[in-house]
Amino acid sequence: MAAISVSGNKKVGTLRADFNKEFPYLNLYICYSYGRDMVKKGQTLDARIPDDKTLASVRRADSGGTISISGNKKIKSLEKEFDTEFGLYVQVCYADKTGSRFYTSGAADEKTLASFNAECEKNGCKKGLWK
C-alpha cells in the first residue's frame, strides 16, 4: 500500500478517487468547516466541497501544509489532520451491504484505515466511490 500525499494543489475529486483506490470500501466526505457545526446541531450535512475545487481554494486562509495518508493511520487521526492542516471537516464513510451510507464514529474511529477497510470488505460493504 502506497501513501497518498495531500497538499493544497490536489483537487478534491482526485483526492477522493486516490483514497478510494487505496481503500475501496471507504470514502472521504470532504466538507467546508461549517459542516462540523451542522453535525453538532443535528442538521443534515450538506456542506460537501465540489470535486473540481483544489484544497488550496477551499481551505482556511491561515492553513496549509501536507498530509500523508497510509493504511496504518487511525481514522480519527486522519480526520483531525484535515482539520488542523486545512481547516476542513472530513469524515471517513462506508456503505453497508444494503447500500446505506454511514460516517465512522466511536470505536470505528479508533481503527486504522487498513483494518476498517478489511472489516468492511468482510462484512459485505459496497465498494466504490460515492457519486
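Predicted model: local features only at pLDDT ≥ 70, side-chain atom pairs only at ≥ 80, totals over all residues.
Let's start with Cys 31, which is buried at 0% relative accessibility. Strand β4 is largely enclosed by the rest of the structure, because seven of its seven residues are buried.

**Cysteines**

- The disulfide count comes to zero, taking a disulfide as a pair of cysteine sulfur atoms within 2.5 Å.
- For Cys 31, the nearest cysteine sulfur belongs to Cys 93 and is 8.2 Å away, and Cys 31 is in no disulfide.
- Cys 120 is in no disulfide either, and its nearest cysteine sulfur, 3.9 Å away, is that of Cys 125.
- Like Cys 31, Cys 120 is buried, with a relative accessible area of 2%.

- With β2 (27–31), β4 pairs in the antiparallel sense over five bridges.
- Within that pairing, Val 92 of β4 is the bridge partner of Leu 28.
- Strand β5 (residues 101–103) also pairs with β4 in the antiparallel sense, over three bridges.
- Here Cys 93 stands opposite Tyr 103 of β5.
- β4 and β5 form a hairpin, with five residues between the strands.
- In the turn of that hairpin, Gly 99 has a positive phi of about 95°.

**A closer look at Gln 91**

- Gln 91 lies in strand β4 and counts as buried, with a relative accessibility of 11%.
- Its side chain makes a polar contact of 3.4 Å with the side chain of Tyr 89.
- Leaving aside residues up to four places away in sequence, Gln 91 touches Asn 27, Leu 28, Tyr 29, Glu 79, Tyr 103 and Thr 104.

**Nonpolar cores**

- The largest nonpolar core has 28 residues, and Phe 19 and Ile 69 touch the most other members.
- At least two residues of this core come from each of β1 (4–6), α1, β2, α3 (55–58), β3, α4, β4 and α5.
- Helix α4 provides the largest share, with four residues.
- There is also a second, separate core of six residues, and Tyr 89, Cys 93, Ala 95 and Trp 130 are among them.

**Helix α5**

- In helix α5 (residues 113–122), the buried residues are Leu 113, Phe 116, Asn 117 and Cys 120.
- Viewed down the axis of α5, these buried residues fall within an arc of 105°, so they line one face of the helix.
- The buried residues of α5 pack against α1 (12–22), β3 (67–69), α4 (75–86) and β4 (89–95).
- Just after α5, Gly 124 adopts a positive phi of about 80°.

Definitions and conventions. Residues numbered from 1 in each chain as written. Heavy atoms only, no water. Buried < 20%, exposed > 50% of the residue type's maximum accessible area, 1.4 Å probe, protein only. Arc of directions from axis to C-beta. Contact = heavy atoms within 4.5 Å. Core = buried A, V, L, I, M, F, W, Y, C linked by side-chain atoms within 4.5 Å. Pairing = 2+ DSSP bridges. Polar contact = N/O pair within 3.5 Å; in protein donor to acceptor, adjacent residues only side chain to side chain.
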